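Open the model in your viewer and keep the sequence panel beside it.

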Amino acid sequence: MAQNTAIQWCDSTENPTMGCEGCELWNGTRKTCYAGVLHRRFGGVSSGYAPEFEQVTNFPGRMLRATKWSDLTGRDRKDKPWLNGMPRLIFVSDMSDALSEIVEFQFLRDEVIENVSSEKGQRHRWLWLSKRPQRMAEFSDWLDVDWPTNLWVATSITTQQSAARIKHLMKVGDEQTTRFLSVEPQWEAIDLSRWLPEIDWIIQGGESGPTAHPFHVEWAEDLVRQCESHDVPYFLKQLGSKVSLAGKTARYRHAHGGDWNEWPEQIRVRQFPVADAA
Ligand code: SF4
């Protein structure tokens with residue numbers, strides 16, 4: 001959907017589907033998912049969106065378009081120097097959950113797997129996030145081809161309870177598959193120690209917006225330490241709009257606490273799995 005994105009940990013985003021069947025960020029009582037909020041503005045107005053957020057819609061052809069984007073391997077990124085040396089990193093499904101029940105596996109095979117595996121697609125790394133890793137694992141089982149090594153997979157977790165998603169993520173793909181966690185927006189202290197030895201990358205971040213849960217800087221300090229001890233690359237995306245440090249509110253000039261120049265040095269960490277892991 002966007003060849004360039006402000007999201008700190010990738011270069012681009014693409015959406016084979018638009019819309020979603022919801023999660024803890026979009027349900028009867030909470031409606032803070034950014035994709036959902038944008039759909040309320042543009043759904044039914046812009047042809048690039050699902051008519052309504054809950055009406056998940058396929059957009060065939062977008063993944064093919066993204067395969068043609070230039071190869072960024074070895075190119076410097078002025079605004080995201082931490083990405084230098086990497087191939088183009090494309091976040092798949094930032095405006096949707098493509099593993100929503102209504103999306104057929106055949107569509108995902110044709111759009112995602114075929115394009116990611118194509119000659120042009122293999123120049124990039126595709127980072128597919130879902131809050132439905134169980135369905136992603138079922139899709140992976142259903143496939144009649146190997147999971148592409150340049151298709152990294154992730155699930156997002158917000159609470160200790162939602163960390164139950166991780167066990168399903170571990171069943172996606174095979175031993176070559178790069179698996180990572182997006183611990184964002186983090187709502188409470190979460191113990192990931194059980195999973196760290198098996199995870200290839202961790203992204204962490206606090207919540208944005210007026211209803212944001214507080215993010216404790218100590219959570220980042222702790223996860224940085226744990227990732228170091230397990231040799232897991234770690235990436236702190238942002239501290240969020242409500243930050244707590246040593247029990248007190250901490251204020252930052254950047255509205256989402258996303259400027260790493262303002263962070264304590266020990267959490268100023270933005271690492272990636274090995275660039276040529278695929
Ligand atoms: S699963 Fe993702 S796209 Fe769907 S509502 Fe939740 S945050 Fe939004």
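**Whole chain**

Start with a cartoon view: the chain has six helices and 12 strands, where helices (H or I, at least four residues) and strands (E, at least two) are DSSP runs numbered from the N terminus. This is a predicted model, with local features needing pLDDT of at least 70, side-chain atom pairs counting only at pLDDT 80 or more, and totals for chains, interfaces and linings using all residues. Residues are numbered from 1 along each chain as its sequence is written.

Zoom out. The C-alpha trace spans about 50 × 40 × 35 Å along its principal axes. Of the 278 residues, 42% are buried (20 or more other C-beta atoms within 10 Å of a residue's own, C-beta atoms being placed from the backbone).

**Two domains**

Colour 1–177 as domain 1 and 179–184 + 194–278 as domain 2; the bounds come from an automatic or database domain assignment. Their C-alpha centres lie 21 Å apart.

**The ligand**

Which residues are around the ligand? Select Cys-20, Gly-22, Cys-23, Leu-25, Trp-26, Cys-33, Ala-35, Gly-36, Ser-96, Asp-97 and Lys-131 (C-beta atom, placed from the backbone, within 6 Å of the molecule).

Definitions and conventions:
A residue is buried if 20 or more other C-beta atoms lie within 10 Å of its own, exposed if 12 or fewer, and partly exposed in between; C-beta atoms are placed from the backbone.
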